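Me: I would like to go through some of the labels given to this model and see what each one rests on. Please set the value against the cut-off each time.

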Amino acid sequence: MSNEAAAGNSTSTLGHLALGLTLLAFGLGSTGVIDHVGAADAAGLATWVGGVALFLVGLLALRAGSTAEGTAHAALGAFWFTWGTGAGDGGGSAEAAGLFLLLWALLALTLTVAARGSGLFGQGVYGLLFVGLLLLGIGALADNAGLGKAGGWVAAVAGLAAWYGATAAVTGWPTSVARRSRGAATA
């Protein structure tokens with residue numbers, strides 16, 4: 001079996017599904033919009049889906065020769081596994097959690113820059129992830145719940161975008177908005 005058959009484009013779809021679901025659960029938990037559900041409640045999903053599955057997808061993508069996809073998925077898998085098994089349990093200080101989130105925001109910034117030209121479901125998801133982690137990290141360091149909630153909403157939107165992009169790839173849904181030509185008549 002060739003590397004392409006083993007991983008191929010399915011790694012991108014599976015990786016974005018795992019990232020989307022994990023980000024959505026983490027983001028919604030961070031907003032406090034659902035009673036008695038916090039970000040730490042997403043730790044199990046973050047560990048196994050966002051961590052282990054995403055890391056394995058990253059390794060498959062690297063094996064198939066996709067350095068950008070492999071690096072992104074494996075690194076994000078490491079982030080989610082680390083958060084789900086340690087930072088997500090609430091055992092550390094708010095300052096440590098804030099620093100953790102800010103350091104991983106740097107990874108998201110790197111992924112955003114590296115994904116230039118890949119459109120909404122590449123660069124857009126990573127850009128939103130960067131902003132979400134930045135707001136969550138600053139909110140934790142400054143003990144500002146409002147910034148934390150805003151970061152949670154941005155992370156949830158990033159999760160929805162990643163989920164939609166992966167679902168669109170599987171179902172054939174549109175991933176771009178058609179532009180009207182300049183000479184088109186308006187109604």
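Me: Where is Thr47 placed?

Reply: In this predicted model, Thr47 sits in helix α3.

Me: Why is Thr47 called buried?

Reply: The cut-off for buried is under 20% relative accessible area. Thr47 has 7% relative accessibility, so Thr47 counts as buried.

Me: Why does Trp80 count as buried?

Reply: Trp80, in helix α4, has 1% relative accessibility.

Me: Which residues are in contact with Trp80, leaving aside neighbours within four places in sequence?

Reply: With heavy atoms within 4.5 Å as the criterion, the partners of Trp80 are Leu19, Thr22, Leu23, Phe26, Ala46, Thr47, Gly50, Gly51 and Leu54. One of these, Ala46, is 34 residues from Trp80 in sequence, with 5.2 Å between the C-alpha atoms.

Me: Which members of the largest nonpolar core touch the most other members?

Reply: Of its 31 residues, they are Leu19, Leu76, Trp80 and Trp83. Helices α2, α3 (43–63), α4, α5, α6 and α7 each supply at least two residues of this core. In soluble globular proteins, nonpolar side chains tend to be buried together.

Me: How do you know that Thr11 is buried?

Reply: Thr11 has a relative accessible area of 5%, and the cut-off is under 20%, so the label buried applies. Thr11 is found in helix α2.

Me: What space lies in the second largest pocket, and which lining residues are closest to its centre?

Reply: The second largest pocket holds about 370 Å³ of space. Of the 20 residues that line this pocket, His16, Glu69, Ser118, Gly122 and Tyr126 are the closest to its centre.

Me: What classes of residue make up the lining of the second largest pocket?

Reply: The lining has 10 nonpolar, nine polar and one charged residues. At least two lining residues come from each of α2 (10–31), α4 (67–85), α5 (94–114), α6 (120–141) and α7 (145–171).

Note on methods:
Residues are numbered from 1 along each chain as its sequence is written. This is a predicted model: local features need pLDDT of at least 70, side-chain atom pairs count only at pLDDT 80 or more; totals for chains, interfaces and linings use all residues. Side-chain values use heavy atoms; hydrogens and water are left out. On a 1 Å grid over the protein atoms alone, a cavity is a set of points where a 1.4 Å probe fits but cannot get out, and a pocket is an open set with protein on both sides within 12 Å along at least five of seven lines; lining residues have an atom within 4 Å of a point. Grid points are joined across faces, edges and corners, and a volume is the space filled by probe spheres set on the points. Helices (H or I, at least four residues) and strands (E, at least two) are DSSP runs, numbered from the N terminus. Ala, Val, Leu, Ile, Met, Phe, Trp, Tyr, Cys and Pro count as nonpolar, Asp, Glu, Lys and Arg as charged, and the others, Gly among them, as polar. A nonpolar core is a set of buried Ala, Val, Leu, Ile, Met, Phe, Trp, Tyr and Cys residues joined through side-chain atoms within 4.5 Å. Buried means under 20% relative accessible area, exposed over 50%, partly exposed in between (1.4 Å probe, protein chains only).
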